[in-house]
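The following note sets out points for a colleague who is about to examine the model. Each point takes up one topic.

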Amino acid sequence: MLPRGGARPSPLPVGSVAVLELAGVRFALPAATILEVAIIPSYIPLPCQDPRHLGVVLHREKIVPLVDVGAALGAGGPRRPIPGLCVVARAAAGAVAFPVDRVLGVEPLGADSRLDRLPCPGGITVLRRERWAERHGHQPAAD
Amino acid sequence: MSLSRPTIHVGASRAELGAARRCLVFAVAGVHYAIDLARISRVVALPHPSAFVVVQEAGCALLDLRALFGLPPAAAQRRAVLVLKNPGGPAALVVDEVARLVSLTAPDLHALPAVYAGAEREWFEGLARTPEGILVVVRPAGILCAGCPDRSPGSAALAVAGGK
């Protein structure tokens, strides 16, 4: 799940979602849009008007924008969690990275799933529903 | 580059410098920026925040990039001023420190990621990858426009005229 050190990302099942956690809030992202989950050691805090845009990171020789999805999730304002765990995802305008606290797992997405779609900076859309909180428990696991 | 010599005169043209683009690297709040050397007439030290700086025979607006970028004031007393060649008259940027010179070629330069769609697209021309890390390439015209006194709090003072 966490390819590092030059390993190629493993393909994830189509129609599944990765369940993520940020500041105690569980959410999900279509697994097919996730390019990689990696530890990002540093970033460049590019000045900009939108505080959800944290800066840019150099990831696998590419310059990738780093955004904060916390505000869209109701998980608080912009964070400065780098170095830390980030998801690199495919968006309409290219790859976008965003910090997360944990990756809880990957699960199939049923046809009857009732999801809240939350637009986030960088053109990514995350998914929310209560079931993820129930299935993965309310207490954060040890890192 | 040290600021022990308070003034650096820059005379080389782009043609003299060949295909590579010569830029001055400076830092603001730990981020390194590059500015086209051809746009700079000189660099002077700003001994302390309230100092007057004699830069040209005409008045010159001082634009503090920390203020323009919405960053907290600098802790360091001693900073640097980049005096720019500007069609509308000389203008000067206050930065934290001047770092070095760098040559950038086309493969080094990258457009700003598309997610950046605000005023930063006027401030910055793009990003450059160098062996020392990523540089933010500034767009002097966009920064000076944003720093006009009637548009931004970043224009902090007027320098004294009349010196050399």
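1. The model is a predicted one. In it, the side chains of A:Glu36 and A:His59 are joined by a polar contact of 3.0 Å. A:Glu36 belongs to strand E3 of chain A, which covers residues 34-40. With a relative accessible area of 5%, A:Glu36 is buried, because the cut-off for that class is under 20%.

2. The phi of A:Arg60 is near 50°, a positive value although the residue is not glycine. Most residues other than glycine have a negative phi. A:Arg60 is partly exposed, at a relative accessible area of 37%.

3. B:Ala29 is not a glycine, yet its phi is positive, at about 55°. B:Ala29 lies in the loop that runs between E2 and strand E3 (31-36) of chain B. Its relative accessibility of 34% places B:Ala29 among the partly exposed residues.

4. As to overall architecture, chain A contains 2 helices and 10 strands. Along the sequence these elements follow the pattern β-β-β-β-β-α-β-β-β-β-β-α. Of the 143 residues in chain A, 46% are buried. Among the contacts in chain A with a separation of 6 or more, 62% are between residues 24 or more positions apart. The accessible surface of chain A comes to about 7200 Å², and carbon and sulfur atoms account for 53% of that surface.

5. The sheet may be followed in chain B. There, 6 strands in the order E8-E2-E3-E11-E10-E9 form an open sheet with mixed pairing. Strand E8 (97-104) and strand E9 (109-110) of chain B are the edge strands, each pairing on one side only. Strands of a sheet pair through backbone hydrogen bonds, either parallel or antiparallel. Strand E2 of chain B, residues 21-28, pairs with E8(B) in the antiparallel sense over 7 bridges. Within this pairing, B:Leu24 has B:Leu101 in E8(B) as its bridge partner.

6. Over all chains, the structure holds 7 aromatic pairs. One of them is formed by B:Phe26 and B:Tyr33, which are stacked at 5.5 Å centre to centre with 15° between the planes. Both B:Phe26 and B:Tyr33 are buried. The rings of B:Phe69 and B:Trp123 have centres 5.1 Å apart and planes at 40°, so this pair is classed as tilted. The latter pair links distant parts of the chain, 54 residues apart: B:Phe69 is in the loop between helix H1 (65-68) and strand E6 (79-84) of chain B, and B:Trp123 is in helix H2 (residues 120-123) of chain B. B:Phe69 is buried at a relative accessible area of 7%, and B:Trp123 is buried at 6%. Together with B:Phe124, the residues B:Phe26, B:Tyr33, B:Phe69 and B:Trp123 form one aromatic cluster.

7. The last point concerns the contact between the chains. Chain A contributes 18 residues and chain B contributes 18 residues. About 1600 Å² is buried between chain A and chain B, with carbon and sulfur atoms giving 76% of this area. Which three residues supply more of the area that chain A buries against chain B than any other three? They are A:Leu46, A:Pro47 and A:Ile63, which supply 37% of it.

Note on methods
Residues are numbered from 1 along each chain as its sequence is written. Chains are lettered from A and ligands numbered from 1 in the order in which they are written. This is a predicted model: local features need pLDDT of at least 70, side-chain atom pairs count only at pLDDT 80 or more; totals for chains, interfaces and linings use all residues. Side-chain values use heavy atoms; hydrogens and water are left out. Helices (H or I, at least four residues) and strands (E, at least two) are DSSP runs, numbered from the N terminus. Buried means under 20% relative accessible area, exposed over 50%, partly exposed in between (1.4 Å probe, protein chains only). Contact means heavy atoms within 4.5 Å. Accessible areas come from the Shrake-Rupley method with a 1.4 Å probe; for residues, only the protein chains shown count as cover. Two strands pair if DSSP finds at least two bridges between them. Rings of Phe, Tyr and Trp (its six-membered ring) pair if their centres lie within 6.5 Å; planes under 30 degrees apart count as stacked, over 60 as edge-to-face and the rest as tilted. A polar contact is a pair of N or O atoms within 3.5 Å; within protein, one must be able to donate a hydrogen and the other to accept it, and residues adjacent in sequence count only if both atoms are side-chain atoms. Buried area is the accessible area (1.4 Å probe) that two parts lose on being put together, summed over both.
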